[in-house]
Amino acid sequence: MASTPLILLPLLGLLGALLPAIGGRSPHVSARLAAAVVLAGLVMAGLQAPAVMGGEVLVERWTWLPAAGLDLSLRLDGLGLLFTLLIQGIGLLIVLYAHYYLPSSAPQRRFYALFLLFTGAMQGVVLAENLLVLVVFWELTSISSFLLIGYWTLDPSARQSARLALAVTGAGGLSLLGGVILLGEVAGGYDLTTVLASGDAVRADPLYPWILGLVLGGVFTKSAQFPFHFWLPRAMAAPTPVSAFLHSATMVKAGVFLLARLFPVLAGTQAWFLSVTTVGMVTLVAAAFLALFKHDLKGLLAYSTVSHLGLITMLFGMGTPASAVAGVFHIANHAVFKASLFMAAGIIEHESGSRDMRQLNGLIKRMPHTAVLAMVAAGAMAGVPLLNGFLSKEMFFSETLQPGMGGTWQTILPVAATLSGVFAVAYSLRFIHDVFFNGEPVGLPREPHEPPRWMKVPVELLVALCLLVGVVPAWTVEPFLSAAAEAVVPGRVPHFDLALWHGFTLALFMSLVAMVGGVTLYGVRRFLFRLHDRYLPEPAVLKWFTEVELGLWRVARRVLGAWENGSLQRYMALLVAAAVALAGGAFLTSGGRLAGGGGEWPDLATLLLALVVALAGAATVVQQRQRIQALLWVGVVGLTVSLTFVRFAAPDLALTMLAVEVVSVILLLLALYFLPQSSPPESTPWHRGRDALLAGVAGVTVGGLVWAAQGTPATGIGRDYLARTVAETGGANAVNTILVDYRAFDTLGEITVLGIAALGVFAMLRGFALPPARELRGRRWDPDAHPLILATLSRPLLPLATLVSLYLLLRGHNAPGGGFVAGLVMGVALILQYLASGSRWVRGRLQVRYRVLLALGLGLAAVSGMVPWLWGGAFLESAHGEWHPRLLGDIHWNTTLVFDIGVYLTVIASVTLILAELGRLGQKRIGRQRPYGSTAPETGGKGA
């Protein structure tokens, strides 16, 4: 049993991202809050470590959408623990480093908020048990990394680099989604427990090549493998703390993490070997070659990162248990030495003002402490003995020599590995020699010196870890590697020895060749630089990307311009024509009739209601340019439809429709007060004829379909709800139980949209002022803006309406009513007070802050859905029962009442916020203009 819930690990980052934003303007406070969040995650991971390293797999699951195979389920095994420790541990060091690296003028609160958001997203990727949840977090890492790469928003290259990274990784995310969907269908579920147990079935399925290709599309784009490698070096436009985190322990490691996670399912085939090994090998050698010729410190480190990611990919591609173990080992080693190298490069830039190795010379005399740290980390990158990089490099060389590779691969793989080792030694040597030796600095913006003490602490800790792992691996990394390997190759973990000396082996000979070759290559570097500059110029990737982006934008503008000309009339005509064509075409292709052969003729009352609706609709069309009259006819249509619901025994719908109609008419009347009372004709006779013909065809089509559908047999859905609702929800009103029990998630989304719309209207109208329509200016409808009779009659209606709304709210689960219609009734009652007595009078007696009420309603509805999680229930799961107190009799209780109260408060706040603000729009002074010609001393005021 887990000591702490796994959900807290991703939630710490996702919710902790809010803390820097509310922690005040001090960057010190923001940094401490961010550090506290990451430290808490590291402690939680440490608490889980003993159980996981003992062989236990911790799984937590919350039911969400079981019918779609989407549950919020998390998994912590050895692989997840290793990545969690890397994310939280290196993340904590990055926060400390960034506090000293970022200038005081930088928006540091935004940095820490985005950093924590990315941390939570990456933590979700490595802990996801459900593959669909993994894809959600995967895409969140792409979005948050886009924001981090483009952190310097005023720098055009940073913005372009961020868009490039998002375009590549976002496209890969879509590919991954397709692969995951197919994989889940073949495996019979999306949980990793199910998928990992279905490896043989997946590999034997005809869809396997498609699954493999789509999944690898996500992997290769995320981990910058050839031919998608170009985005990662351009991401160096981000601040160095971002580069150190994203490109060592997190963002680019997500791809190779997925390779490791799905290794038991997808590996072991010729397709896997050829695709993964080839791409990894090409990336390994090509990126190592390019790294040697980068003059920018971070550019060299970026291409070396791409090369090492290719090394890891190549190891997983070989498909053997030993190569998979070596891949996992190098993931950890690379994260440690690459994070320290990036931070060392940031220190050099921070204290010298440059990252150009043609200027950075002789810094060992000016920054000796930093120089020693950077040289040790670069040695680990080159694979120097007694450092962690040497151990995983030796494992890599050994795996390329295994006889199981067969054929020409037996030669190609060792040669490629050795060649990449030569380049790795050469670019590591260049990092050391060109920066810290090689004469004196040339044209630096400022005199280099050592950074603040605590800025070097993160680098010191990581460099110490490079040494400890390299010298005593059995005491430091071997237990974690064994647990992680068991998750990658369950039951097949080979024996591995992390000893410093394995005798004179071919792998050692390859290391010696790489060392000697790298030193020799560095010795002739100037000649190689001249050849490179002449024959291999730097590709202008950002320029190409910008040109492609602009070209797509121009094509899209032409295509949309052919359809969208700004005419709402044209859009409606196309929409109606398409709907008629689809519906009519489907009807005709089915033989021109539906099962049942049409319905019976309706009775006289129904015919009269239909006739009234038709005549009112026609009157609306005829008087559309007389806006007040058209609105009244629309109201007649709505009221008649409400009566139709009554006629067909749908009182819930009738009540809701009636309340919505009243609110809509009041809203439109208030809006029309500021618009011209009539609109000029804008349509030509040809357009009016076209619209009439289209309307007639649409009416006949819809009417015919409705008539034909009248005789179709019932599907049984309604009867099924009626049979289940009392037993499962304790409510007799099937309409309400559908809204607050069976479809509560939809209702929560709807009231959220309603609340957002209300806040949007409020934000637009806040402080906005408009004169009344020209026809109403100066008109004295009544010298008394708030007639005494209206005010006197409306005031006792408020408590009465309150009782009615509460009655509708409380009875909704068993009789017509519910939170939505009750909220509308209460909202109408409040609006009546505003209209009758004025906003100033109402605010003086009703101290309600509608925005707070809106937040309370949404929060209550959401929290009521989360509470069932406490006892292992599903989101928005309800409970009901009977209570029999002696004095009060039998009382039926249901937890959905809390959700309904949230709906009730949200509707009241939304409706009143919109209508009250719109009603006060005319009260805001425009010179001396008074609304409706009133001379009353009523004044506007602040918002409700």
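Me: A salt bridge is a side-chain nitrogen of Lys or Arg within 4 Å of a carboxyl oxygen of Asp or Glu. Why is the pair D356 and R358 called a salt bridge?

Reply: The closest N and O atoms of D356 and R358 are 3.0 Å apart, which is within the 4 Å of the rule, so the name applies. This is a predicted model, in which local features need pLDDT of at least 70 and side-chain atom pairs count only at pLDDT 80 or more, while totals for chains, interfaces and linings use all residues. Residues are numbered from 1 along each chain as its sequence is written, and side-chain values use heavy atoms, with hydrogens and water left out.

Me: How many salt bridges does the rule give?

Reply: The count comes to 18. One of them links R261 to D77, with closest N and O atoms 2.7 Å apart. Helices (H or I, at least four residues) and strands (E, at least two) are DSSP runs, numbered from the N terminus.

Me: Are R261 and D77 buried or exposed?

Reply: Both R261 and D77 are buried, that is, under 20% relative accessible area, where exposed means over 50% and partly exposed lies in between (1.4 Å probe, protein chains only).

Me: What makes D691 and R690 partly exposed?

Reply: D691 has a relative accessible area of 23%, and R690 has 25%. Both values lie between the two limits, so both residues count as partly exposed. Their side chains meet in a salt bridge of 3.0 Å, N to O. Elsewhere, salt bridges that share partners join R61, R75, D77, E129, D191 and R261 into one network.

Me: Which residues touch the most other members of the largest nonpolar core?

Reply: They are W231, L266, W272 and F316, in a core of 193 residues. Such a core is a set of buried Ala, Val, Leu, Ile, Met, Phe, Trp, Tyr and Cys residues joined through side-chain atoms within 4.5 Å. Helix α17 (residues 321–352) supplies the largest share of this core, 18 residues. Beyond four places in sequence, F316 is in contact (heavy atoms within 4.5 Å) with residues including V256, W272, I331 and V488. A second, separate core has 21 residues, among them V740, A744, F875 and L918.

Me: What puts the buried residues of α33 on the same side of the helix?

Reply: In α33 (residues 734–742), the buried residues are A734, N736, T737, V740 and D741. They cover an arc of only 150° around the axis, so they lie on the same side; the arc is that of the directions from the helix axis to the C-beta atoms.

Me: How does the reach of α5 compare with what is expected, and why is α5 described as largely enclosed?

Reply: Helix α5 (residues 108–127) has 20 residues and reaches 28 Å from its first C-alpha to its last, close to the 28 Å expected, the expected span being 1.5 Å times one less than the number of residues. Of its 20 residues, 17 are buried, so α5 is largely enclosed by the rest of the structure.
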